[in-house]
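Dear colleague,

I am handing over the structure we spoke about, with the sequence and the coordinates together below. Please have it open while you read the notes that come after it.

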Amino acid sequence: MALNTELLEQSFEQVKARESDFTALFYSYLFADYPETKPLFVHASMEEQGKKLFASLVLVINSLHQPDALNSALTGLGTRHVQYGVLPEHYPMVGNTLLKTLASFLGTAWTPQTKQAWADAYDAIGQIMLEGADYTPTALKLQSSSPEATA
């Protein structure tokens, strides 16, 4: 899939200077819309977490013209996210939250084309990260509420 790199770069330029506001709104939306994600961050410094999120976005935007380096970085990121307890079903939650946050920040610049560019980019990012996420079969299994339920 060919990404609209120009639109991604232009739109991100409009939020780059407001990193802490962007990440605060992102996590506010994430926890309000998907409260089931809160436990993933129980041991995290949210200030540090916000910096990591924003650094990842900067990395993606700055690496759009270097797909090999970007693929390597995203594969590694996917691997690390398994260790944090992130599961495949969390990826759409984060993607929806990213789009919602960008829409809030970009206002009238959030056009259907911009939305599509970011949705396509997030789909590609998620796929690459999931390739790096070597989930064990037990990590993907639904957990029963009690051991007796499986007897």
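What follows covers the pocket, one of the helices and the salt bridges.

Please keep in mind throughout that this is a predicted model, and that the values below were computed from it.

I began with the largest pocket, which has a volume of about 740 Å³. Its lining is made up of 30 residues, and those that lie nearest the centre are Y27, F41, Q49, L53 and H81. The elements that each give two or more residues to this lining are α2 (19-33), α3 (46-62), α4 (67-83), α5 (90-106) and α6 (112-132), and among these α3 gives the most, with eight residues. Sorted by class, the lining of the largest pocket holds 20 nonpolar residues, seven polar ones and three charged ones.

The buried residues of α6 are T114, A117, W118, A121, Y122, A124, I125, G126, I128, M129 and G132, and they pack against α1 (5-13), α3, α4 and α5.

I then turned to the charged side chains, where a search of the whole structure finds four salt bridges, and I describe some of them here. In one of them, the side chains of D33 and K100 meet at 2.8 Å, N to O. This pair links distant parts of the chain, since D33 belongs to helix α2 and K100 to helix α5, 67 residues apart. D33 counts as partly exposed, at 37% relative accessibility, and K100 is likewise partly exposed, with a relative accessible area of 34%.

Another salt bridge joins E13 to K16, with the closest N and O atoms 3.3 Å apart; here K16 is partly exposed, with a relative accessible area of 38%. D21 and R18 form a further salt bridge, in which the closest N and O atoms are 3.9 Å apart. Both partners are partly exposed, D21 with a relative accessible area of 42% and R18 with one of 41%.

With best wishes

Note on methods: Residues numbered from 1 in each chain as written. Predicted model: local features only at pLDDT ≥ 70, side-chain atom pairs only at ≥ 80, totals over all residues. Heavy atoms only, no water. 1 Å grid on protein atoms, 1.4 Å probe; cavity = no way out; pocket = protein on both sides within 12 Å on 5 of 7 lines; lining within 4 Å. Points joined across faces, edges and corners; volume = space filled by probe spheres on them. Helix = DSSP H or I, 4+ residues; strand = E, 2+ residues; numbered from the N terminus. Nonpolar A, V, L, I, M, F, W, Y, C, P; charged D, E, K, R; others polar. Buried < 20%, exposed > 50% of the residue type's maximum accessible area, 1.4 Å probe, protein only. Contact = heavy atoms within 4.5 Å.
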